Each structure stands twice: as C-alpha cells, then as structure tokens.
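Here's a quick briefing on one chain, written to be read with the model open beside you. Have a look at the structure, then work through the notes below.

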Amino acid sequence: MKTIAIAIEEKVDALLACLDKDIQLLQKGLSRLDELRGLVIRRDDDALGKLLETIQVEANDRQRHEQSRQSTRRELAMALRYEPRQMTLTALETLLPKDKKDQITERKAEIQSLVMKFRKEHLKTVLLLSECARFNNLLLKSIFNLGKVESFSYNKNGSTKRQTDVTLINFQL
C-alpha cells in the first residue's frame, strides 16, 4: 500500500512539473504575441521572419510537452483506477492531501488566469492583423482601380464627391 502511495505521489509531482511547464509556455506565448504585434506595427520583416522560425521550433517543443502531459495523466489515472478522460485537476484535487491539493489548486488558478490573458492578447493580435489586411486591400484596390468611379472624397462641408481622376492622392481643397 505504501508503494502505491509513493508511486502516486511521484506521478503527482510529475504532473506538477508539467503544469509548471504549461505556465512557462503560456507566458512565452503571451510575450510572443506582444512581440508579434510590435514587429507588425514597426513593419520589421526580417525580425518577423526570425520570429516565425522561432515559433515553428517552439511548436515542436509544445507538442512533445503535450504528449508528456497526456502520458503523465494516463499513468496517474491508471494508478488511481480512473479513466484517463475522467482524470482532471478538479477530480485530482478531491483525492490528494492538503499540501498537494493546494499546489494543484495554485497552478490551476494561474493557468486559468494566463489562458484568459492569452485569449485577450490573441484577440488583440487578430484584430491588428485583420485591420492591416483590410488597409492593405483598400490600398491595393485604390492603386489597381485607377480611374474607376469607386472612390469618394469629402469637401470642407462634409459632403461626398466621387473621385474620377486617375491620381492616387487628390490634393484638391
């Protein structure tokens, strides 16, 4: 019986290490999103290329970590006689002594907080990139649709006037 308890404790410690790695990966992801937005705003194509390469390399690490976490989860579920899909942090918290439960609860709360931040930062990044794409499309459309009556300009009274000349910028006041 003591051997089983020790094995379970070792697996819980391995899971805690996995959760710590999850926290590190989320923090790194947040910094990558922030860096990406900054590089897009500065239009630094070389640095964007390097960032993309770094992200691709890190994707392999994330995938290996995900496999490790799932393996640890399966082993812990087997040791506790649970189905792997039933082995959640919440279920685990109910089975552990207070000190381990507190450690799991702390990491779970931190991961949830980081995931919420990540979602916000991801949304900010998506909005920035979609606005860049929209602006680029408008710019290309205005360049390649020269002379077509699709552009409007506003005079000082606020009324619209169709732009029918073929210049890119109308300096008429």
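Of the contacts in the chain with a separation of 6 or more, what share comes from residues 24 or more positions apart? It's 54%. Keep in mind that this is a predicted model. The chain has four helices and two strands, and they come in the order α-α-α-α-β-β along the sequence.

**Whole chain**
- The chain has 173 residues, and 23% of them are buried.

**Helix α2**
- Helix α2 covers residues 45-80, which makes 36 residues.
- At 1.5 Å a residue you'd expect α2 to span 52 Å, and its end C-alpha atoms sit 51 Å apart, so the two values agree.
- Just past the end of α2, Arg-81 has a positive phi of about 60°.

**The largest nonpolar core**
- As background, nonpolar side chains tend to be buried together in soluble globular proteins.
- Here, the largest nonpolar core is made of 16 residues.
- Val-12, Leu-15, Leu-19, Leu-76, Leu-92 and Ile-104 have the most contacts inside this core.
- At least two residues of the core come from each of α1 (2-42), α2 and α4.
- The top contributor to this core is α1, which gives eight residues.
- Leaving out residues up to four places away in sequence, Leu-76 touches Ile-8, Lys-11, Val-12, Leu-15, Met-87 and Leu-92.

- Thr-125 is part of helix α4, which runs over residues 98-144.
- Is Thr-125 buried or exposed? Its relative accessibility is 4%, so Thr-125 counts as buried, given that the cut-off for buried is under 20%.
- Setting aside residues up to four places away in sequence, Thr-125 touches Leu-33, Leu-36 and Arg-37.
- With Arg-37 there's also a polar contact, side chain to side chain, at 3.0 Å.

Key:
Residues numbered from 1 in each chain as written. Predicted model: local features only at pLDDT ≥ 70, side-chain atom pairs only at ≥ 80, totals over all residues. Heavy atoms only, no water. Buried < 20%, exposed > 50% of the residue type's maximum accessible area, 1.4 Å probe, protein only. Contact = heavy atoms within 4.5 Å. Polar contact = N/O pair within 3.5 Å; in protein donor to acceptor, adjacent residues only side chain to side chain. Expected span 1.5 Å × (residues − 1). Core = buried A, V, L, I, M, F, W, Y, C linked by side-chain atoms within 4.5 Å.
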